[in-house]
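Biologist: Could you take me through the helix packing in this model? I have the sequence open beside me.

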Amino acid sequence: PSKGSVKFDGVEVTARTPQQRNIAQVFQFPVIYDTMTVAENLAFPLRNRGVPADKIQQRVGKIAEMLEMSGQLNTRAAGLAADAKQKISLGRGLVREDVSAVLFDEPLTVIDPHLKWQLRRKLKQIHNELKLTLIYVTHDQVEALTFAEEVVVMTRGRAVQIGSASELFDRPQ
């Protein structure tokens, strides 16, 4: 940061590298390997960290079930629709149990508008179930108000208002 500090659960992490901060990120466009299956894509972050195979299989199964992709685990990612590919990308961000936070950079932009509400609901459910800190960047007010316990409204790189959805609605600045 240009000023101030970054703390996770009261622990100063400002000087730590991104890897040491243990943050996962889900981008606007799916970041997956088309040559891999759904299961291999979900397992990739865990394999890179040397997680034992039985633990990988268990965690991949849990995340696939949450994303309603259990029936597609052996499907190659190349043949999937954009929404399924983005679900895999979401899963890759959520699969690690050791993350401090997951950053979402407009992850539903490429999703068909009809399917957005389903994924919004699914993400909210996953958030409640996994108890993860999620930081969700969006220009869509509905998305922001769907997920947020606290909303930060920004313009030109500055926070102009911070509060709950009802505070922002009742007393907009």
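**Helix contacts and a buried loop residue**

Modeller: V38, N41, L42, F44 and P45 in α2 meet I88, G91 and R92 in α4, where contact means heavy atoms within 4.5 Å. The residues of this contact of α2 with α4 divide into 5 nonpolar, 2 polar and 1 charged. Ala, Val, Leu, Ile, Met, Phe, Trp, Tyr, Cys and Pro count as nonpolar, Asp, Glu, Lys and Arg as charged, and the others, Gly among them, as polar.

Biologist: What should I know about the source and the numbering?

Modeller: This is a predicted model, in which local features need pLDDT of at least 70 and side-chain atom pairs count only at pLDDT 80 or more, while totals for chains, interfaces and linings use all residues. Residues are numbered from 1 along each chain as its sequence is written, and side-chain values use heavy atoms, with hydrogens and water left out. Helices (H or I, at least four residues) and strands (E, at least two) are DSSP runs, numbered from the N terminus.

Biologist: At roughly what angle do α2 and α4 cross?

Modeller: The axes of α2 (residues 38–48) and α4 (residues 82–94) cross at roughly 30 degrees and come within 8 Å. That makes α2 roughly parallel to α4, a term for angles under 35 degrees. Axes are lines fitted to C-alpha atoms, for helices over the stretch in contact, and angles run from 0 to 180 degrees between N-to-C directions.

Biologist: Which residues of α2 are buried?

Modeller: They are V38, A39, N41, L42, A43, P45 and L46, with buried meaning under 20% relative accessible area (1.4 Å probe, protein chains only). What covers them includes α3 (53–66) and α4.

Biologist: And how do α4 and α5 cross?

Modeller: The axes of α4 and α5 (residues 113–130) come within 12 Å and cross at roughly 15 degrees. The contact is made by D83, K87, L90 and L94 of α4 and L115, L119, L123, I126 and L130 of α5. By class, the residues of this contact divide into 7 nonpolar, no polar and 2 charged.

Biologist: Changing topic, where is T37, and is T37 buried or exposed?

Modeller: T37 is found in the loop between β3 (23–26) and α2. T37 is buried, with a relative accessible area of 15%.

Biologist: What does T37 touch?

Modeller: Not counting residues up to four places away in sequence, T37 touches L73, N74, T75, R76 and A77. A polar atom of the T37 side chain lies 3.5 Å from the backbone oxygen of L73.

How values were computed. Parallel < 35°, antiparallel > 145°, perpendicular 65-115°, else oblique. Buried < 20%, exposed > 50% of the residue type's maximum accessible area, 1.4 Å probe, protein only. Polar contact = N/O pair within 3.5 Å; in protein donor to acceptor, adjacent residues only side chain to side chain.
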